[in-house]
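Here's a quick tour of a protein model, starting with the overall build and ending with the rings. Have the viewer open as you read.

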Amino acid sequence: MTTPAARPVSVIVLTWNGLEVTRRCVDSLLGVTRHPDFEVVVVDNGSTDGTLEYLRGVEGVRLVENGENLGFVKGNNAGIRATSSDIVLVNNDTEFVEADWLSRMQALAYTAEDIGIVGCRLVNADGRLVHAGTYMPVPSFWGQEYPGDEADVGQYSRDREVDGVIAACAYIKREVIDRIGPLDEDYFSYYEDTDYCLKARQAGYRVFCCGTTVWHLENASTDLNRMDFSAVFRRSREVFLSKWRGYYDSFYTRRMTWHSCISGTGPYARASAKALWALDRAGVDVNLGFLEGAERAELADFRVNDMKNRPRDRDRPQVLFGPPGMLDHADGSYNIGFVFSACDRFVTAEVAGMNRMDEIWVTSDAQRETALASGVDRPVFVIPLGVDTDYFNPSMKAFPLEGRFTFLAQFDWGPGAAADTLLEAFTSEFGADDKVVLVVRVDTDSTGAEVEESVEAMALPAGRAPVVFVINHDTPAYQTGCLYRSADCLVLPWRARRMEPVAAEALACGVPVLGTGWVLDCLEGVEPEEGSVMEVGYSLVDGPLEGTRWAEPEPSEMRRRLRHAVDESEPARRAAGRTAPRIAARLDWQAVADRIIARLDAIA
Amino acid sequence: MPEKGVDVEQVMEEVNRAVAAPHTLLDDFWKGEGPRPPNLAFLYPPCSKTLQVNLDLVSRNWEIDGEFELGSQRRGVAGLIVTFKQTVRKLLRWYINPIVHQERKFNMLVTRTLCDIANNLEAMEQRIAGLERAIEDMTAGPRAEERDGADGPGRDVGAP
């Protein structure tokens with residue numbers, strides 16, 4: 001058996017005018033790619049702008065001339081028929097910058113016998129990641145790509161199984177072609193790649209997206225040849241639906257309704273979107289409802305938006321994920337309150353609402369104890385909030401400060417954060433000569449002037465290590481992993497518990513965390529490597545509502561832990577790096593979806 | 001749909017600059033007083049809210065009060081000292097209070113003027129944005145017609 005690196009492979013480039021992009025594509029293919037056994041086959045669909053003349057003069061290129069525009073599908077099939085080895089379909093508007101891109105894709109394809117097709121990350125001319133796999137929102141069937149349109153910050157950089165990949169750069173094993181044939185010529189362009197991936201999956205193959213990156217100037221042929229993108233797209237969609245609607249009808253094997261505050265950008269909306277994606281991938285037909293906000297609002301998230309447009313069905317198990325006060329919206333035949341408390345008790349009115357549910361879900365064992373201690377008499381189950389390991393992992397880009405140990409703290413300005421304790425501990429412990437900085441990311445409803453005034457009133461000592469407040473910088477949520485990775489230690493100076501699993505997300509990025517045990521309960525079921533979590537002692541003090549308490553970090557211990565974090569920074573980093581895979585295994589959203597499904601099955 | 005906001009890379013660049021040269025709104029005040037300022041920096045989003053933050057701070061601080069609470073740190077004689085201060089205050093009230101009143105009035109007018117300027121600025125920005133949109137619509141019209149009327153080789157498609 002030949003080794004994966006030695007397998008022959010034909011890179012098939014389809015062109016139809018676009019001399020400049022073709023030149024860049026071919027030049028980079030021949031100049032950058034390092035692979036022991038590959039050939040470049042260019043299939044020309046009747047270019048008239050000098051592309052053919054250029055290609056005839058390029059050494060190392062095998063040219064297939066179709067003489068006319070056969071379209072994307074027939075054009076590529078001509079290339080497939082002209083070769084006998086594995087192939088990589090490549091658009092002429094791609095450019096290659098990583099020497100091992102082909103070797104990596106091929107190696108991934110041969111890590112398992114049942115991997116049939118491998119795509120890769122595609123980054124456009126603006127440096128934005130436009131493709132890392134595809135998915136099909138139902139019922140709109142308007143095919144989408146991960147992640148849509150985000151700056152390339154290292155997300156989706158691990159090799160992972162996906163529903164489909166686009167044919168702008170796709171490695172296809174020859175055995176797949178032998179088994180299911182070439183691309184379906186019922187399509188002229190668009191949807192043929194999704195169709196092909198579905199066929200491969202039905203034949204028992206899996207589709208992967210490789211972490212390697214290729215540049216892709218999208219729709220170059222469409223633009224250069226001034227064709228009507230929409231009309232071709234719509235025609236192909238109709239063909240696709242005629243072939244695959246039945247498959248999607250039978251794809252969903254379980255049903256549920258999910259009510260939440262989904263329209264905004266708050267923690268419930270963010271966590272809901274991640275949970276719903278994971279459930280959708282796992283074959284749960286989710287019917288989406290709103291706990292607040294406009295019911296008819298169109299959501300930016302295509303997949304979630306489609307769930308909103310599915311017909312209502314009150315017979316499904318209904319999850320209400322939101323503040324306990326909103327459980328009154330329950331109108332299903334089996335209602336589940338998925339709730340959270342920032343303090344050590346749910347208040348009486350909240351408990352009354354929870355006791356009207358059929359069962360209660362909470363995010364951790366500590367929350368379960370809180371619910372039971374508050375007088376909840378319904379069955380209480382733990383469903384942790386997950387971590388999106390495509391966005392929180394050690395490969396996310398980092399922008400560290402040179403020569404300074406960076407503490408990062410983030411909170412909403414208010415009594416729920418022990419900002420005073422942290423600032424006093426930090427400025428007491430570190431002098432101007434210490435190469436450290438505390439970056440405090442603050443969100444506040446007002447302009448931020450009250451932050452300046454409050455900090456001034458603290459009369460912090462002069463000439464100490466610097467503290468930088470980053471106020472109301474609305475950084476995109478998908479870059480939060482980058483922010484954590486840019487720090488050496490994440491500090492959680494909170495009195496209130498936070499619903500978001502911030503500690504787990506930082507550890508998933510390989511960044512140590514420092515905080516009270518009170519706020520580390522999101523690490524539910526994960527045993528962190530020793531040294532990656534620096535716990536600060538605390539005492540319970542009166543909370544914001546009568547009868548509730550929350551945690552006050554112990555100032556002197558906070559000081560000691562901050563110093564310890566600097567002194568032991570390297571071991572802590574290594575320990576956090578070893579904790580990251582444990583987080584991924586236990587708290588990835590897909591693992592959380594499996595727990596939800598287990599609960600749904602039990603209810604059924 | 002791309003998420004709006006400030007990229008983390010940009011935030012960290014700002015932090016880097018702030019660590020190298022910290023600056024707060026109160027720096028000038030501290031320099032005048034003699035002691036070194038706390039090593040603090042407050043960063044706000046670009047194009048942003050700095051004007052609003054300054055206005056907010058001005059609004060919070062324009063109202064000065066000559067009748068602040070009197071006290072003393074000296075044990076034993078604190079009561080005596082406070083009584084003395086109260087007496088001095090009473091004796092000087094005829095002189096200080098009119099000045100405080102003038103200062104309050106001036107601060108109030110300046111604050112109100114700054115708020116007016118900021119509101120006018122915002123209204124003007126909105127008007128400019130509206131005009132820019134109108135210009136875009138006008139220029140987009142002919143381009144769309146040109147595109148719709150085109151009948152080049154683009155009836156068929158090669159690659160998406």
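Accessible areas here come from the Shrake-Rupley method with a 1.4 Å probe. On that basis, chain A exposes about 22600 Å², with carbon and sulfur atoms supplying 48% of it. Keep in mind that this is a predicted model.

As for the build of chain A, the chain has 19 helices and 27 strands. Its C-alpha atoms fill a box of roughly 80 × 65 × 50 Å along the principal axes. The radius of gyration is 27 Å, which agrees with the value near 25 Å that a compact globule of 604 residues would have. Of those 604 residues, 60% count as buried. Among contacts in chain A with a separation of 6 or more, 73% are between residues 24 or more positions apart.

Now for the rings. Over all chains, the structure holds 30 aromatic pairs. One of them is Tyr135(A) with Tyr146(A), a tilted pair at 5.0 Å centre to centre and 55° between the planes. Tyr135(A) belongs to strand 8, while Tyr146(A), eleven residues away, is in the loop between strand 9 and strand 10. Are these two tyrosines buried or exposed? Tyr135(A) counts as buried because its relative accessibility is 6%, under the 20% cut-off. Tyr146(A) is buried too, at 5%.

Chain A also has an aromatic cluster that includes Phe141(A), Trp142(A), Tyr190(A) and Trp244(A).

Some rings have a charged end sitting over them:

| Charged residue | Ring | Distance from ring centre |
|---|---|---|
| Arg303(A) | Trp277(A) | 4.8 Å |
| Arg89(B) | Phe68(B) | 5.2 Å |

Key:
Residues are numbered from 1 along each chain as its sequence is written. Chains are lettered from A and ligands numbered from 1 in the order in which they are written. This is a predicted model: local features need pLDDT of at least 70, side-chain atom pairs count only at pLDDT 80 or more; totals for chains, interfaces and linings use all residues. Side-chain values use heavy atoms; hydrogens and water are left out. Rings of Phe, Tyr and Trp (its six-membered ring) pair if their centres lie within 6.5 Å; planes under 30 degrees apart count as stacked, over 60 as edge-to-face and the rest as tilted. Helices (H or I, at least four residues) and strands (E, at least two) are DSSP runs, numbered from the N terminus. Buried means under 20% relative accessible area, exposed over 50%, partly exposed in between (1.4 Å probe, protein chains only). A charge sits over a ring if NZ of Lys or CZ of Arg is within 6 Å of the ring centre and within 35 degrees of the ring normal. The radius of gyration is taken over C-alpha atoms; the globule rule is 2.2 Å times the number of residues to the power 0.38. Contact means heavy atoms within 4.5 Å.
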